[in-house]
Amino acid sequence: MRFEDFAAARLPALLRYAVLLCGDRELARDLVQDALTKALVRWKRISALDRPDAYVRTMVTNEFLSLRRRKAVRTVALTHETSAGPDAPTVPDHAQRFGVGEDLWHRLAELPRQQRAVLVLRYYEDLDDDEIAATLNCRPGTVRGYAPRALATLRLEPTRTPAPTHGDTT
């Protein structure tokens, strides 16, 4: 497979994944662009792998995790058309189907990067513990340790009153 074909086919999934990791559409585009730039240079070796998509996803993950090690530079969209206009690329947010989009974004943003990456890889990318461990370059036991702590942090407090049961007249 040529790099151009790979990038065209996998770009939407990589963007969705990066947006879920960092919660910022512009930063996600930067992460994916950096990872794809590095992948292009190594494409001959990467394309020979069984799962080049998993390798490139790991590259995006590493870009995200290394953000804390480098100076953060915020980008500003130059025009409405490039960032929010009708031709702007979109990444679907699966959380909106369940009506928890904004609250979920805020809760995910409060998690440490490793825990957030574990949840996104498990629940949005549908990877098992061994695949997550390979992506994060850690042991499966570490993944199993991060997941419950992250989920405990995300637990929602009941804000709605329960629907009345059939025998309830109140």
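**Salt bridges in close-up**

**View 1. Arg16, Arg57 and Glu125 are joined in a network of salt bridges.** This is a predicted model, in which local features need pLDDT of at least 70 and side-chain atom pairs count only at pLDDT 80 or more, while totals for chains, interfaces and linings use all residues. Residues are numbered from 1 along each chain as its sequence is written, and side-chain values use heavy atoms, leaving out hydrogens and water. A salt bridge here is a side-chain nitrogen of Lys or Arg within 4 Å of a carboxyl oxygen of Asp or Glu. Searching the whole structure gives 9 salt bridges.

**View 2. Glu125 and Arg57 meet in a salt bridge, 3.5 Å from N to O.** The two come from distant parts of the chain, 68 residues apart: Glu125 sits in the loop between α7 (113-124) and α8 (129-136), and Arg57 in helix α4 (residues 52-65). Helices are DSSP runs (H or I, at least four residues), numbered from the N terminus. Glu125 is buried at 13% relative accessibility, and Arg57 is buried at 6%. Buried means under 20% relative accessible area, exposed over 50%, and partly exposed in between (1.4 Å probe, protein chains only).

**View 3. Asp129 pairs with Arg144 in a salt bridge, with the closest N and O atoms 3.8 Å apart.** Asp129 belongs to helix α8 and Arg144 to helix α9 (residues 140-154), so the pair ties together parts 15 residues apart in sequence. Asp129 is buried at 17%, whereas Arg144 is partly exposed at 46%.

**View 4. Arg51 and Asp53 form a salt bridge, their closest N and O atoms being 3.4 Å apart.** Arg51 is partly exposed, with a relative accessible area of 39%, but Asp53 is buried at 18%.
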